[in-house]
Amino acid sequence: MRFSGIDAARREGVPLHRVSQGSGITLLRDDEIRAYAELGARQGIEVCLFVGRRAPWSGEAACALVPDGKVFGWRHLLVATLSAAYDDVLRACDLGIRSVLAGDEGLITLIERGRRSGELPADLMLKASAVLGISNALGAEMLARAGVDTLNVAGDINRADNALANALAQTGTGRSGSSRASTRPCRGPCR
């Protein structure tokens, strides 16, 4: 598997630490996930996969599609979809992935429990997606305490004007890197 983005970054001399695939683990075949993991290992690049079956696509949560349903964002509605999302993380890890992007607080909690219990790899990078709407210091702190390694905030958050920057520094979690992830920081907009 080849990615033109990797070739372009090398050609331009731009450091590339992470690539993300955002459509969701659910939509990828096992051979595709293995190829992503092998590419990352071969190139020394973190490969991050978004966890799938989110509210707008789940089919079980029509409320996510009505105007008031936008508050559900990309969360996993219902226990069945949350369970399926966790199963996606297990599957991706079994196929070699060590970085996932979550857009649901419940899934973040399950992943952290899985890492602590040994069901998931201890070195699994857990990233909180910008779709969670991380917009204040206390929310950032809550997610960091829940086990998130990386907080991806919305690109229009002005860190100079927001106490979020201080919270990120105090919790050891940066805009896109924590003490655990400091060797692979994100250098641009992250989702």
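In what order do the five strands of the open sheet stand? The order is E1-E2-E3-E4-E5, with parallel pairing.

**View 1. The whole chain, a predicted model.** This model is predicted, so local features need pLDDT of at least 70 and side-chain atom pairs count only at pLDDT 80 or more, while totals for chains, interfaces and linings use all residues. Residues are numbered from 1 along each chain as its sequence is written, and side-chain values use heavy atoms, with hydrogens and water left out. The chain has six helices and seven strands. Both are DSSP runs, numbered from the N terminus: helices (H or I) have at least four residues, strands (E) at least two. Along the sequence they follow the pattern α-β-α-β-α-β-α-β-α-β-α-β-β. Of the 191 residues, 46% count as buried. Buried means under 20% relative accessible area, exposed means over 50%, and partly exposed lies in between (1.4 Å probe, protein chains only). The chain exposes about 9,700 Å². Carbon and sulfur atoms supply 53% of that area. Accessible areas come from the Shrake-Rupley method with a 1.4 Å probe; for residues, only the protein chains shown count as cover.

View 2. Strands of a sheet pair through backbone hydrogen bonds, either parallel or antiparallel. Here two strands pair if DSSP finds at least two bridges between them. Strands E1 (18-21) and E5 (150-151) stand at the edges. Each has a single partner strand, so one side of each is left without a neighbour in the sheet. E5 runs parallel to strand E4 (residues 125-128), joined by two bridges. Lysine 127 has threonine 150 of E5 as its bridge partner.

View 3. Strand E3 (residues 99-102) is covered on both faces. Ser99 and Leu101 are buried on one side, Val100 and Ala102 on the other. Two bridges join E2 to E3 in parallel. Valine 100 in E3 stands opposite leucine 49. E3 also pairs with E4 in the parallel sense, over four bridges. Leucine 101 stands opposite lysine 127 in E4.

View 4. Histidine 76 lies in the loop between strand E2 (46-50) and helix H3 (78-94). Is histidine 76 buried or exposed? Histidine 76 is buried, with a relative accessible area of 7%. Alanine 102 is 26 residues from histidine 76 in sequence, and their C-alpha atoms are 9.8 Å apart. Arginine 18 is found in strand E1. Arginine 18 also counts as buried, at 13% relative accessibility. Its C-alpha atom is separated by 8.4 Å from that of glycine 40, 22 residues away along the chain.

**View 5. Helix H4 against helix H5.** H4 (residues 105-117) and H5 (residues 137-146) pack at an angle of about 30°, with their axes 9 Å apart. Axes are lines fitted to C-alpha atoms, for helices over the stretch in contact, and angles run from 0 to 180 degrees between N-to-C directions. H4 is therefore roughly parallel to H5. Angles under 35 degrees count as roughly parallel, over 145 as roughly antiparallel, 65 to 115 as roughly perpendicular and the rest as oblique. Glu105, Ile108 and Glu112 of H4 meet Met142, Leu143 and Ala146 of H5 in the contact (heavy atoms within 4.5 Å).
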